[in-house]
Amino acid sequence: MAIVDVRGLSKTFRVADKQPGLGGTLRHFVQRRHRLVPAVQDINISIEAGEIVGFLGPNGAGKTTTLKMLTGLIHPSAGSVRVAGHEPFRRQADFLRQITLVMGQKQQLIWDLPPLDSLRVHAAVYGIDTAESKRRITELADMLELDEELTRPVRKLSLGQRMKAELMAALLHQPAVLFLDEPTLGLDVNAQVRVRSFLADYNRRTGATVLLTSHYMGDITALCERVLLIHQGRLFYDGSLEGLTDRLAPCRQVRLELRHALPAQMFESYGSLESQNGNEVRLLIERDQLTRQVGRLLADFDVCDLEVNDPPVEEIIGQLFRQRDAT
Amino acid sequence: MLGDAMFGSKMFRRTVVRYWRSLRSFWGAALAAEMEYQINLLIELLATGGNLAGSLFVLSLFYRSGHGLGGWSWEAALVVLGMYTVLDGIASTLLQPNLSTIVGHVQNGSLDYVLLKPIDSQFWLSLRTFSPWGLPGIVLGLVLVVVGAILAGATPSLQDVLLTGLMLICGCLILYSLWFILAATSIWFVKVWNATEVLRSFLAAGRYPISAYPIGLRLFFTVVLPVAFLTTVPAEALLGRASFSWLAASGLVAILSLLASRWFWTFALRFYTSASS
């Protein structure tokens, strides 16, 4: 059975509508108008134990709202949610022990104290005995390469060290499902890479399920085989990352460097011409035609250099969202 | 059946142990965090001492001019002032440090972390931290209570002393509940624009015996903002002049306000979880 099972999930918020200016402010004060804003509409997701799933979408797409419904922080307006066999919004202790939520922009460690003090509080709250919590702390510290940082006040740690300590606090109770909302936000490239490899390692070792949102495509490509794409509250892609590129970008880009410049129309039969700049020609060729057309190009022209590229995933997704917005 | 009951009681014991361990870890961490700022102890001692001296001076003015306060002798009024100082110390030690952070939790969204802990959120929010700097106030207040009682020639029995303690606990619970409810409204108003500070300044009315106030205020401080139960009733219990009806009322108000705070919190959370984003 799926560890995360979501059927027909929707959430509608009632927000106050205010016109700008003094008149608008007064009207807003005297007679408040509300309108209903659908944040999430009819989402179906099923995640098996042990999967790492990336959750993508522009700001305001409904990612955080969905995560909050999955963790039980907000009630759904419609639909059903089951996580680890529980209905999240009842927030039963047994459910809470099995999940964790990490929010990149919010911290839960005690600011003035070293992480170890916060970890002690967590151990007590989750009812983990001292010997066991020591064992887990050693193991996690080892995986996260934290050592003397654990005895230094949190306020004196770098952002990357703090995030690793936050992850430690979030994982001390060995949750089966991890909800990570922008876990690498603001981290430098090195720290991002370390957090990513830790998450992959943690998933391998414990078989924990991970659902993560991120603005950094690197997080998604490094960790997730499966991605969910959400836009304006609706889920419109659920599948592998490669499948997404295949579906959204059926063409690959071929860059040719020729010994002599040639007129553009000579390339029309090979693919669609993207650009031509002196000796350099860029063509878009459909994937299934790629080998045949590249073979022809090499045979027909005097080619100095040839390069085949996939357009970057960010670009594909960005393009997709723009198309959706336009329709 | 018996097995179920035994299992139930075992679960209950484990829960109690877990909460007790949590509380110890909360306060251990709080103490460690506060100890980062040693100079606070000195400042707090000076502030409490200064405050108390000011209140004593104002109180003495009433008696010097021969006014008296609502039929209370100078010595008995000292007991009330002592009770107030104890309560104010408790507010500085526990209520203020914990309840004032609720607004922040709502504003910056860290309330989400609290709600995802397998521990009662009201317990967490009410007892998560404590500030040792209110302790001098409690000690000074107790000294004043004892001195006042001796000067007033009171000879309380052990029962009276226990009753006084109980009344003081009732006072604390009433104060806590009012404060907590006010702080919980931050879920709607987000900026509870220091409403809790207004509450605290009203409490200053508890420095003097309730009978010193005109009848209208007396009613207000008994029924609307039950200041009377916070300081006057415990002082009366110690001086052996408390009537049974006041003692019973104090206990009843304490229980009711505690239940009200509980109900209000679940109500506020229902709103939070259906409207927040």
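Visitor: Why is W263(B) called exposed?

Guide: W263(B) has a relative accessible area of 53%, and exposed means over 50%, buried under 20% and partly exposed in between (1.4 Å probe, protein chains only), so W263(B) counts as exposed. This is a predicted model, in which local features need pLDDT of at least 70 and side-chain atom pairs count only at pLDDT 80 or more, while totals for chains, interfaces and linings use all residues. Residues are numbered from 1 along each chain as its sequence is written, chains are lettered from A and ligands numbered from 1 in the order in which they are written, and side-chain values use heavy atoms, with hydrogens and water left out.

Visitor: Is F264(B) buried or exposed, and what makes it so?

Guide: F264(B) has a relative accessible area of 14%, and therefore F264(B) falls under the limit for buried.

Visitor: What kind of pair do the rings of W263(B) and F264(B) form, and why?

Guide: Rings of Phe, Tyr and Trp (its six-membered ring) pair if their centres lie within 6.5 Å, and planes under 30 degrees apart count as stacked, over 60 as edge-to-face and the rest as tilted. The centres of W263(B) and F264(B) are 6.5 Å apart and their planes stand at 50°, so the pair is tilted. The structure holds 20 aromatic pairs over all chains, and ring pairs link W188(B), W263(B), F264(B), F267(B) and F271(B) into a cluster.

Visitor: What makes R241(B) lie over the face of W72(B)?

Guide: A charge sits over a ring if NZ of Lys or CZ of Arg is within 6 Å of the ring centre and within 35 degrees of the ring normal. R241(B) lies over the face of W72(B), at 4.6 Å from the ring centre, and R128(B) lies over the face of W124(B), at 5.4 Å from the ring centre.

Visitor: How do you know that α2(B) and α7(B) pack, and at what angle?

Guide: Helices (DSSP runs of H or I, at least four residues) and strands (runs of E, at least two) are numbered from the N terminus, and axes are lines fitted to C-alpha atoms, for helices over the stretch in contact, with angles from 0 to 180 degrees between N-to-C directions. On that basis α2 (residues 39–64) and α7 (residues 135–151) of chain B pack at about 35°, with their axes 9 Å apart. Where contact means heavy atoms within 4.5 Å, residues of α2(B) including L45(B) and L52(B) meet residues of α7(B) including L140(B) and L144(B).

Visitor: How many residues of the contact of α2(B) with α7(B) fall into each class?

Guide: The contact of α2(B) with α7(B) has six nonpolar, three polar and no charged residues, where Ala, Val, Leu, Ile, Met, Phe, Trp, Tyr, Cys and Pro count as nonpolar, Asp, Glu, Lys and Arg as charged, and the others, Gly among them, as polar.

Visitor: Why does L73(A) count as buried?

Guide: L73(A), in the loop between α2 (63–71) and β4 (78–83) of chain A, has 0% relative accessibility and therefore counts as buried. Leaving aside neighbours within four places in sequence, L73(A) is in contact with residues including K68(A) and L101(A), and also with L115(B) and T273(B).

Visitor: What is said of the phi of Q174(A)?

Guide: Most residues other than glycine have a negative phi. Q174(A) has a positive phi of about 50° although it is not a glycine, and at 42% relative accessibility Q174(A) counts as partly exposed. R91(A), in the loop between β4 and α3 (93–96) of chain A, likewise has a positive phi, of about 45°.
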